[in-house]
Amino acid sequence: MSSNHYDASDITILEGLDAVRLRPGMYIGSTGPKGLHHILWEIVDNAIDEAANGFADKIEVRIYKDGSVSVEDNGRGVPTDIHPKTHVSGVQVVFTQLHAGGKFDEHNYSFSGGLHGVGASVTNALSKWLKVRVWRNGTTYEMQFHSYYDSAKKKYESGVPAGPLTDTREKTKKHGTFVHFMPDDSVFSTVDFQLDTVSHRLNELAFLNKGLTITLTDERITRNEFKAEGEGESETAEQLDLLGASEPYSVTYCYEGGISDFVSYLNDGKTKLYPKPIYYKGEKDGILVEFSIQHTSEFTENLFSFVNNIPTPEGGYHEMGFRGGITRMLNDYARDNKLIKDKDANFLGDDFREGLTAVLSVKMKNVQFEGQTKTKLGNPEARAPVDSVVVEGLRSIAAMPAFKKAFEEMVKKAQSAARVRIAARQAKDTARAKNSLDNLMLVGKLAACSGKKPELNELFIVEGDSAGGTAKQARIRQFQSILPLRGKPLNVEKKRLDQVLANEELRTLISALGAGIGNEFNPDKLNYHKVIILSDADQDGFHIRCILLTFFFRYMRPLVSAGHVYIGMPPLYKVYKQNGSVEEYAYDDNELQEKIDKVGRGYLIQRYKGLGEMSAEQLWETTMDPARRNLTQVTLEDAVAAENMITMLMGDKVEGRKEFLNRNANFNKTDSFMDRVKLKKEDGNEEE
């Protein structure tokens, strides 16, 4: 029972890194895969800051077979001398003290991605062990830290030095820092670093830091094994090992073109309106602005912005300045070149940004992040300098004869977009006037819930009327709505907004969500805070899922970035006994064997080919009941990776799509597994 006694003696002081161990989510967001990779990014960001400020040009990241990871740079090296206040080495201060670092003033770093000064110490606190090697002033220094449970104190000791910083007496010409650590599996739900996640981020950082060489090595797989999995080679991993293919998989990223190469990479496979991206770099009021743009035949805008190498998917004042600068300059260009008549109104910013792929990189001091995930730039003073640099840069480039064709194509694209925008607006207004878009389209289609609180309401998007009928019977009407899709929706990847609005299925979905579309999308008007895609586990179901995710990504991206989109995971199998005494559901092949073992002898297996095969009771129990269902939240941690994935899956690159589907969408896998498990015949005999 709580006591009324409360004085200073009741106040707990968390010393050293105790606070990190006690509340890791406060420092790294979560203890899931995102948090695991975060402690790696903290060390990588320190190395990147050395490179961004001109002190390093090489970074090496290595994932070891035991699951540990290391980061090495050839920068100045962490200071090794004795700190005047703590009386221990600079290395020990950096790795054991929160809010300690050289980035709180402008003397050592002009620009820094390590904003809070907690990076190295947090990584140390959440690792089983961490080793540091520093090459500085011709000497090699080493120090080790470890975390352990102190039974006498009945608490964890985090990131404790195994001893002081040691001068190994090993003379060297090298300079830089090497950090090797093992994530603590008692903290994280998984300690398995994902190669795709790490490689995407390192590739991105190489683009953002022109000329920087970043090498990634993963000792857990061999180079040929990775090729076999990624490119459809016939040799198995076991065969490759017999052939002596033991060289670790390794890849090096280095781009002399920087973010210009980044835009080319993003537009690979798309039809470009002019052959090379436009690039400019300038500085205004102490803010360094770098941008590259290129228009394609696509109909959506793709702007990827960064501040001090940190992605800002939620935008902010730098994006406002960028968009404003492009609109102002291109309207001036169109008028100066008589491409807009005197009596005609200026183009809107949306017209100039249709089909635009752009990368904006800003470097500034005293960065303030805000927004739901702290990835939105909150410095108002950034807007005007970015606007000014964009206008100045585009004007200087437009004056060059070699770029005349490119700017003419931009204006032509805007003219076409404006015509479609006006026509779409007229059609939209007409539809609204007839009260059809928002109400009539839902009659007989949406089984709406009765709840009035969007944060509690769920919308299930279901494949077909059959599954839709079952879902309507299974749902809890107070908070669950059902929207059956009649046929496949439109693939919006290469469609204009007016074509999207002309599609009945998508128009119905837009109306059901109630938050608008495109630049008019307003998350505050959402009718549902959980939008759940519920499709069959077959080729058609996978395709429908991809189509809907593409639609949300292109025309309702805030819906995805805010975490409102989910994939419903219906079971693939029911394992049961004929008398009905036992029923277990398996959601994948691995779980099937577990359920077979649990049910025991005399089991039967039912393979669900579609949701329509389930009864309402089964669908509720396995897929719709919030207490028991499996939902996968669709996140947007890496917008660049998502852009590439959608372009590959839903665009014109047939070969890339075939390769991906062959590698990741093996729909026959469950059938092949069924061929291997022991099936029970009615006569009691087992067969393989």
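1. K338 is exposed, because its relative accessibility is 66% (exposed means over 50% relative accessible area, buried under 20%, partly exposed in between, with a 1.4 Å probe and protein chains only). K338 sits in the loop between α10 (317-336) and α11 (349-353). Its phi is positive, near 60 degrees, and K338 is not a glycine. Helices here are DSSP runs of H or I of at least four residues, strands are E runs of at least two, and both are numbered from the N terminus.

2. A note on the basis. This is a predicted model, in which local features need pLDDT of at least 70 and side-chain atom pairs count only at pLDDT 80 or more, while totals for chains, interfaces and linings use all residues. Residues are numbered from 1 along each chain as its sequence is written, and side-chain values use heavy atoms, leaving out hydrogens and water.

3. N309 also has a positive phi, about 75 degrees, without being a glycine. It is found in the loop between β12 (302-307) and β13 (310-311). N309 counts as buried, because its relative accessibility is 3%. Most residues other than glycine have a negative phi.

4. The largest nonpolar core has 60 residues, and L40, V44, F181 and L202 touch the most other members. Such a core is a set of buried Ala, Val, Leu, Ile, Met, Phe, Trp, Tyr and Cys residues joined through side-chain atoms within 4.5 Å. Helix α3 (residues 33-52) gives the most to this core, with 9 residues. A second, separate core holds 41 residues, including Y280, V307, I310 and F347.

5. What does F181 touch, leaving aside its neighbours within four places in sequence? Its contacts (heavy atoms within 4.5 Å) are I39, L40, I43, S68, V69, T123, S127, W129, L130 and F193.

6. Helix α19 (residues 589-599) buries D589, L592, K595, I596 and V599. These line one face of the helix, because they fall within an arc of 105 degrees seen down its axis (the arc is taken over directions from the helix axis to the C-beta atoms). The face turned away from the buried side carries exposed N590, E594, D597 and K598.

7. Both ends of α19 deserve a look. At its start, a side-chain oxygen of D588 reaches to within 3.2 Å of the backbone nitrogen of N590. G600 follows the helix, with a positive phi near 85 degrees.

8. Cysteines. The disulfide count is 0, taking a disulfide as a pair of cysteine sulfur atoms within 2.5 Å. C254 is partly exposed at 33% relative accessibility. C546 is buried at 13%.

Definitions and conventions: Polar contact = N/O pair within 3.5 Å; in protein donor to acceptor, adjacent residues only side chain to side chain.
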